[in-house]
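Subject: Handover of a two-chain model

Dear colleague,

I am passing on the structure we spoke about, together with notes on what was found in it. Please read the notes with the structure open beside them.

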Amino acid sequence: MPSRAELSRRVLEPALRIAALAALGWSLWRAVAPAATAGLVVVDGGALAAALARWSTGAAPESVHAGLDALPDAATRDWLAALARSGTSVGWSVGDAPALAVSVAPVPGPAGGVRIAVAAPASRLVALRDAVGPLDTVRAGGAGASLEAAAPVGAVVATSGGARASRASHDPGEASEPKRVLVLARAGWEGKFVVAALEERGWRVEARLAVAPGARVEQGTIAPDTARHAAVVVLDTSAAPLAPALARYARSGGGLVLGAEGSRLATLAALAPGRVGARVLPPAARDAGDVSRASLPYRPIALRADGVPLERRGDAVVLAARRASAGRVALVGLEETWLWRMAGDDGSAAAHRAWWSRVVAAVASTGHAPVVGAPEAAPLAAAIQALGPPRPAPQAAGAPPADGLPAWALALALTAFLAEWLLRRLRGAR
Amino acid sequence: MSDFVFATAQYESGDWDSAPLVPANLIDTIARYTSIPVAPSGVVVPLGTDRLLRHPFVWLTGHLPVRFTEQERANVRRFVERGGMLFVDDHNHDIDGAFHKTATEEIARAVGPLVELPNDHALYSAFFRFDDGPPTTSHELNGWGDNLVHEHLHAVLRDGRIAVLYSNKDYSSEWGYHPDNKRFMSVDNTKFAVNLIVYALTR
């Protein structure tokens, strides 16, 4: 009666032999089998332009694969897409070309300039330049990178590896008169110092400050107008007669900044990013010198679904914004910010100015029309849209596999043969 | 929205509290003619403390010579640079008197020299219209027998804004009465104070 070990060997030895032979046979088949890529022409980036011209004027191959060093420019991309639509199967691959996109938007505000935003894989270095020369090099974080710069000359070009994205901004030659900020409030310290802060930061400010029924102090043109006003600040309910006009202004693209009391006007409440709650008085600051933005009274904001929090005080949102049709609306939950300017530390006046300027700039409209053209803001996305996703270059007929005979198959065959030989040696067979 | 609080400056030299009825009278005037939320009583603010900075409009008066301490001078400078407005009124009806001499000197040392304010300045149309400039007081008009009328107020300006307003027309005497007595007057002589407050709150 054969032993259990003997029975095992009688099963294992043939199995190992079959496995070894199968691995060898599969490797051999891969080496000699005709490629399912008959008719494929593989061309590298340097020869692509000439090849495209040749194929466009003569017979085009059944299948083309372009192996590129960098993402194709718009002309090459469109040419390949046209070739594909004419019946040729077009594939492409590219070396180091990360997904890259760039946007350029004017910065609203008296200082002007542009904000350049770059989307790239995290930790990727992206070089930025304009027609004059380098602007900066940034490293992409989890959400890309951004910087502000004076008005660039020509298009802004971002490069990283083989990817190159470009975006034109507005033409500085067509700079129009800077827009104004309109402040609507009751006569009081908050309205006075908001006007002062914005003027001191260079904004052109128009204002209407209500003093008594029928009596107002006015400076400039009061009717909100998207052609004239980049933003309107509504601090309190004294703006009630203008509420419908303000709503139209915001929906037409204007920027609206609502104070806590101003957000209670029904027409404007519908546009606000949230609703303010009961007033919160932080622990009283010591005598002046300690009044900071953090110690100001505030009304926490309960956000709407599409409200975006911009500033918090612990868990409470004290500044928020949302888009309202073509415009933007911000809601300020902080109150008596004038105290911060007057009774804060030595830098408080400047900080107060900067803060209010930022709040207004967050919603201000610039009135610059987007530049049409320069569709290279996201070249990888554009290439994928036109040509499909990149894929590895397929193997042409008669060529050895790009990766050679699979090492794992050979290792499997060798191991199987070795194991079978050992088993045979153990039972004494040769 | 915080109320407007009428603040009286307290300084170490002189008699800062020489006109105790003025605050209540002017609070009444502001409430009477405007819709500005105003606190029903005023406060006294020491010039030498940071409390000064919490009241962007401060009224200062007196009969006696004024000499600021270093701290008071520094505070007044900070107050003005941050946007505050100081109204100084000589409670004497004289010319080149001790209060006038010393107060103008101290103002110049703290924030700069006073300049004559033109009588068509925006202050005079900030609420009520005063086409002839600052209204004269009864003390100027033969109140002491000298018909000495001061034609102009003086100011220290910051970027076109009045930072310090100086008067030697003795509004402290003119306004120093109980507000109930307005009913006996054919013309309310405190109306100019409304212009002062409205100007301070809107410029």
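Does Glu336(A) count as buried or exposed? At 16% relative accessibility Glu336(A) counts as buried, where buried means under 20% relative accessible area, exposed over 50%, and partly exposed in between, with a 1.4 Å probe and protein chains only. Glu336(A) lies in the loop between β20 and α7 of chain A, and although it is not a glycine, it has a positive phi of about 55°. Most residues other than glycine have a negative phi.

Before going further, two remarks on conventions. This is a predicted model, in which local features need pLDDT of at least 70 and side-chain atom pairs count only at pLDDT 80 or more, while totals for chains, interfaces and linings use all residues. Residues are numbered from 1 along each chain as its sequence is written, chains are lettered from A and ligands numbered from 1 in the order in which they are written, and side-chain values use heavy atoms, with hydrogens and water left out.

Chain A and its strands

Chain A has ten helices and 20 strands, these being DSSP runs numbered from the N terminus (H or I of at least four residues for helices, E of at least two for strands). Of its 430 residues, 45% count as buried. Strand β20(A), residues 327-332, is mostly covered, with five of its six residues buried. Two strands are taken to pair if DSSP finds at least two bridges between them; by that rule β15(A), residues 255-259, runs parallel to β20(A) and is joined to it by five bridges, with Val257(A) opposite Ala330(A). Strand β19(A), residues 316-324, pairs with β20(A) in the antiparallel sense over six bridges, and there Ala324(A) stands opposite Gly327(A). The hairpin of β19(A) and β20(A) has two residues between the strands, and in it Ser325(A) takes a positive phi near 55°.

The interface

Contact here means heavy atoms within 4.5 Å, and on that basis 30 residues of chain A are in contact with 27 residues of chain B. The area buried between the two chains is about 2,400 Å², of which carbon and sulfur atoms give 59%; buried area is the accessible area (1.4 Å probe) that two parts lose on being put together, summed over both. The rule finds one salt bridge across this interface, a salt bridge being a side-chain nitrogen of Lys or Arg within 4 Å of a carboxyl oxygen of Asp or Glu. Its partners are Arg82(B) and Asp346(A), whose closest N and O atoms are 3.7 Å apart. On the side of chain A that touches chain B, the elements that give two or more residues are α4 (189-200), β12 (204-212), β13 (215-219) and α7 (337-343) of chain A, and α7(A) gives the most, with five residues.

From chain B, Thr202(B) sits in helix α5(B), residues 191-202, and is buried, with a relative accessible area of 8%. Leaving aside its neighbours within four places in sequence, Thr202(B) is in contact with Ala187(A), Leu209(A) and Val217(A), while its side chain reaches the backbone oxygen of Val198(B) at 2.7 Å.

Salt bridges elsewhere

A search of the whole structure finds 27 salt bridges over all chains. In one of them Glu420(A) and Arg17(A) meet at 2.4 Å, N to O, a pair that links helix α10(A), residues 407-426, with helix α1(A) across 403 residues of chain. Glu420(A) counts as buried at 7% relative accessibility, whereas Arg17(A), at 36%, counts as partly exposed. Arg9(A) and Glu6(A) also form a salt bridge, at 3.3 Å, N to O; they are separated by about one helical turn because they are three residues apart in helix α1(A), residues 4-32. Arg180(A) and Glu206(A) form another, with the closest N and O atoms 3.4 Å apart, and it links strand β11(A), residues 180-186, to strand β12(A). Both Arg180(A) and Glu206(A) are buried.

With best regards

Note on methods. A polar contact is a pair of N or O atoms within 3.5 Å; within protein, one must be able to donate a hydrogen and the other to accept it, and residues adjacent in sequence count only if both atoms are side-chain atoms.
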